[in-house]
Amino acid sequence: MQAFLKGATVQAPKAQKEKALAGSSTEKTVKAVPWVEKYRPKCVDEVAFQEEVVAVLKKSLEGADLPNLLFYGPPGTGKTSTILAAARELYGPVLYRQRVLELNASDERGIQVIREKVKTFAQLTVAGTRPDGKLCPPFKIIILDEADSMTPPAQAALRRTMEKESRTTRFCLICNYISRIIEPLTSRCSKFRFKPLDNHIQETRLLDICEKENLKYSKEGISALVRVSEGDLRKAITFLQSAARLSIAKEITEHTITEIAGVVPNKMIDNLLHICFRGTFEKLEVAVRNLVDEGYAATQILSQLHESIIEKDFGDKQKSAIAEKMAVVSKCMLDGADEFLQMLSLCSVIMQQSSQD
Ligand SMILES: Nc1ncnc2c1ncn2[C@@H]1O[C@H](COP(=O)(O)OP(=O)(O)OP(=O)(O)O)[C@@H](O)[C@H]1O
Ligand SMILES: [Mg+2]
């Protein structure tokens, strides 16, 4: 009992944050809440498109039993939302704060913290009933969000804790890249892959938000939104909110969306490729300089060039040589290379390959 009371003093940082948010939403600052938070699924049923995960979780929630979980997949597909919603359904709002510890990349999660904070929290025993007498699962949940940013020694320190405390604690690891989680941890968890959201699903949710926020929109605007966000619903919702701010009382159009998303107009990309195929190196230099000076991100230009090249009527050999160069350029840019020089170098390879056609 003493241990249980002690547990009451442990407060998940996220829960505190959310409490602050919830508090402010009852006051007059409702508008300050970002839409991604406002429209975050409140229960597991509201999570769209991830049927397998939802089905398994719901079964577990019925039986009040949960395996250790590992969620992985691209950004903005509902990983964090799903586990937060599941935990809230399991414990209710009051018990949630005692039973759930959420640590993400913004918290210190070196080996020391795993040894002390996580272990101490995991060792607390918990009762199988709520203060109001209702039954609840006799375990706690530790959510390690963005687990791929944890150092391998910190991950290794988790292994034994995970096994030893399995009677009272379930772990939920969340990451984008499962390859960065050490094998012994992945084999201790049930793995769930979160898929990039389907266009249709994204559209439905965006339209729903438009309706609730009383926005004017055009059909093309919404499809552009879905296109530029590439299965990342968080990105789509954030763009939608920016677009709504930008065009108050006006319609959200395709133009607004591409402008906000920093997408390079197709005309400019086509023009660049045209020069690569037919022009001279001097012209190419001017065109690339213009693009970079306009402030378009080189990574964006790269991804759009990639899309266009793949669709072009080119030989496989040429395409593969260009793709290889793209990979090198992408790595160089991640390492902080000059955007103009990298783009120029890529375009000159495209030029060279196209002349071999
Ligand atoms: N499957 C989904 N169903 C409903 N809403 C979703 C879904 N996926 C994402 N969203 C929306 O996107 C927002 C971000 O989702 P969430 O934080 O769960 O993403 P994530 O998968 O944890 O991404 P990251 O890997 O970047 O942490 C949510 O607030 C929600 O509004
Ligand atoms: Mg997340």
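Predicted model: local features only at pLDDT ≥ 70, side-chain atom pairs only at ≥ 80, totals over all residues.
Modeller: Before we start, residues are numbered from 1 along each chain as its sequence is written, chains are lettered from A and ligands numbered from 1 in the order in which they are written. Local features need pLDDT of at least 70, side-chain atom pairs count only at pLDDT 80 or more, totals for chains, interfaces and linings use all residues, and side-chain values use heavy atoms, with hydrogens and water left out.

Colleague: In what order do the five strands lie in the open sheet?

Modeller: Strands are DSSP runs of E with at least two residues, helices are runs of H or I with at least four, and both are numbered from the N terminus. Two strands pair if DSSP finds at least two bridges between them. The pairing here is parallel, and the order is E2-E3-E4-E1-E5.

Colleague: Thanks! Which are the edge strands?

Modeller: An edge strand of this sheet pairs on one side only. That applies to strand E2 (100-103) and strand E5 (190-193).

Colleague: And which residue in E3 is the bridge partner of Val-100?

Modeller: E2 and strand E3 (residues 140-144) pair in the parallel sense over four bridges. For Val-100, the partner in E3 is Ile-141.

Colleague: Is Pro-34 buried, partly exposed or exposed?

Modeller: Pro-34 sits in the loop between helix H2 (13-26) and helix H3 (35-38). Buried means under 20% relative accessible area and exposed over 50%, with partly exposed in between (1.4 Å probe, protein chains only). Pro-34 has 34% relative accessibility, so the residue counts as partly exposed.
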